[in-house]
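Let's read a model together, one feature at a time. Have the coordinates open and follow along.

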Amino acid sequence: MAKVGIVMGSDSDLPVMSKAADVLKKLGVDFEMTIISAHREPDVFFEYAKSAEEKGFKVIIAGAGKAAHLPGMCAAIFPMPVIGVPMKTSDLGGVDSLYSIVQMPSGIPVATVAIGGGVNAGILAAKILATSDKALLERLKAYSVEMKEDVESRAEKLDKLGYEAYLAQM
């Protein structure tokens, strides 16, 4: 059963939202991904948000651009955590999306990551689930060690090669 619902308003959001899916897959977290426009198909959206709890979702990751109502509307209906992912837009660079998601009224919180922050949305969803899943918590700890070792490896390579040779290999 999927523990995380990943929903986006358009397939143009898929490159960002797939990063959340990739992290969840790596960490062994079941998820379900779909595209629903809160504005163009409100009936479909309401059914999705209303049925998410009975489907077994513990967290929803919702990505949206421009007016970005999808995350906030999910949070208004779904009783558990919602993570909003603002999409970069051509008009205002994603700041419009960020403000729309982060500026929710009292009582309807949406945890909001950076513009285009699909990876962090996946990690945050896993961290929320890990509060009651020791095995997932251990996988998250191992993931953190992998990230640390990757940075150390890059630093060693830079020290060894110098910045010009390092840049040439990038």
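A: Ala-111 is partly exposed, with a relative accessible area of 33%. That residue sits in strand β5, and keep in mind that this is a predicted model.

Q: Okay, which residues does Ala-111 contact, leaving aside its neighbours within four places in sequence?

A: Beyond those neighbours, Ala-111 is in contact with Val-82, Ile-83, Gly-84 and Leu-124.

Q: How many bridges join β4 to β5?

A: Two bridges join them, and the strands run parallel. To find the place, look for Gly-84, which stands opposite Thr-112 in β5. On the other pairing, β3 and β4 are parallel too, over five bridges, and there Ile-61 stands opposite Ile-83 in β4.

Q: Is β4 mostly covered or mostly open?

A: Mostly covered: five of its five residues are buried. Check both faces. Val-82, Gly-84 and Pro-86 are on one side, Ile-83 and Val-85 are on the other, and all of them are buried.

Q: What about the nonpolar core: which residues have the most contacts inside the largest one?

A: General idea again: in soluble globular proteins, nonpolar side chains tend to be buried together. Here the largest nonpolar core has 26 residues, and those with the most contacts inside it are Val-4, Ile-6, Leu-24, Leu-27, Ile-61, Val-85 and Leu-136. The elements giving two or more residues to this core are β1 (4-8), α1 (14-26), β3 (59-64), β4 (82-86), α5 (118-130) and α6 (134-161). Apart from it lies another core, of 20 residues, including Ile-36, Tyr-48, Ile-60 and Val-82.

Q: Let's zoom in on one of those. Which residues does Ile-61 touch, not counting residues up to four places away in sequence?

A: Quite a list: Ile-61 touches Val-4, Gly-5, Ile-6, Val-7, Met-17, Ala-20, Leu-24, Ile-83, Val-85, Ala-121, Gly-122 and Ala-125.

Q: Now helix α4. Is Ser-97 buried or exposed?

A: Ser-97, which is found in helix α4, is buried, with a relative accessible area of 0%. Set aside residues up to four places away in sequence, and Ser-97 touches Ala-64, Gly-65, Lys-66, Ala-68, Pro-86, Met-87 and Thr-89. Val-95 lies in helix α4 (residues 95-102) as well, but Val-95 is partly exposed, at 35% relative accessible area.

Q: And which residues make the nonpolar surface patch?

A: Leu-92, Val-95, Tyr-99, Val-102 and Ile-115 make that patch, of about 450 Å².

Q: How should I read backbone angles? What is phi for Lys-66?

A: As a rule, most residues other than glycine have a negative phi. Lys-66 has a positive phi of about 55° although it is not a glycine. Ala-68 is another case, with a positive phi near 50°. Lys-66 is in the loop between β3 and α3 (69-77), and Ala-68 is placed in the loop between β3 and α3. As for cover, Lys-66 counts as partly exposed at 41% relative accessibility, whereas Ala-68 counts as buried at 3%.

Q: Last one, stepping back: what pattern does the protein chain follow along the sequence?

A: Read along the sequence, it goes β-α-β-α-β-α-β-α-β-α-α-α, with seven helices and five strands. The C-alpha trace spans about 60 × 40 × 30 Å along its principal axes. Of the 170 residues in the protein chain, 38% are buried. The protein chain exposes about 9,600 Å², and carbon and sulfur atoms supply 56% of that area. Finally, among contacts with a separation of 6 or more, 64% are between residues 24 or more positions apart.

Notes: Residues are numbered from 1 along each chain as its sequence is written. This is a predicted model: local features need pLDDT of at least 70, side-chain atom pairs count only at pLDDT 80 or more; totals for chains, interfaces and linings use all residues. Side-chain values use heavy atoms; hydrogens and water are left out. A nonpolar core is a set of buried Ala, Val, Leu, Ile, Met, Phe, Trp, Tyr and Cys residues joined through side-chain atoms within 4.5 Å. Buried means under 20% relative accessible area, exposed over 50%, partly exposed in between (1.4 Å probe, protein chains only). Helices (H or I, at least four residues) and strands (E, at least two) are DSSP runs, numbered from the N terminus. Contact means heavy atoms within 4.5 Å. Patches are made of residues with over 30% relative accessible area and no salt bridge: like charges are joined within 9 Å, nonpolar side chains (Val, Leu, Ile, Met, Phe, Trp, Tyr) within 5 Å. Accessible areas come from the Shrake-Rupley method with a 1.4 Å probe; for residues, only the protein chains shown count as cover. A salt bridge is a side-chain nitrogen of Lys or Arg within 4 Å of a carboxyl oxygen of Asp or Glu. Two strands pair if DSSP finds at least two bridges between them.
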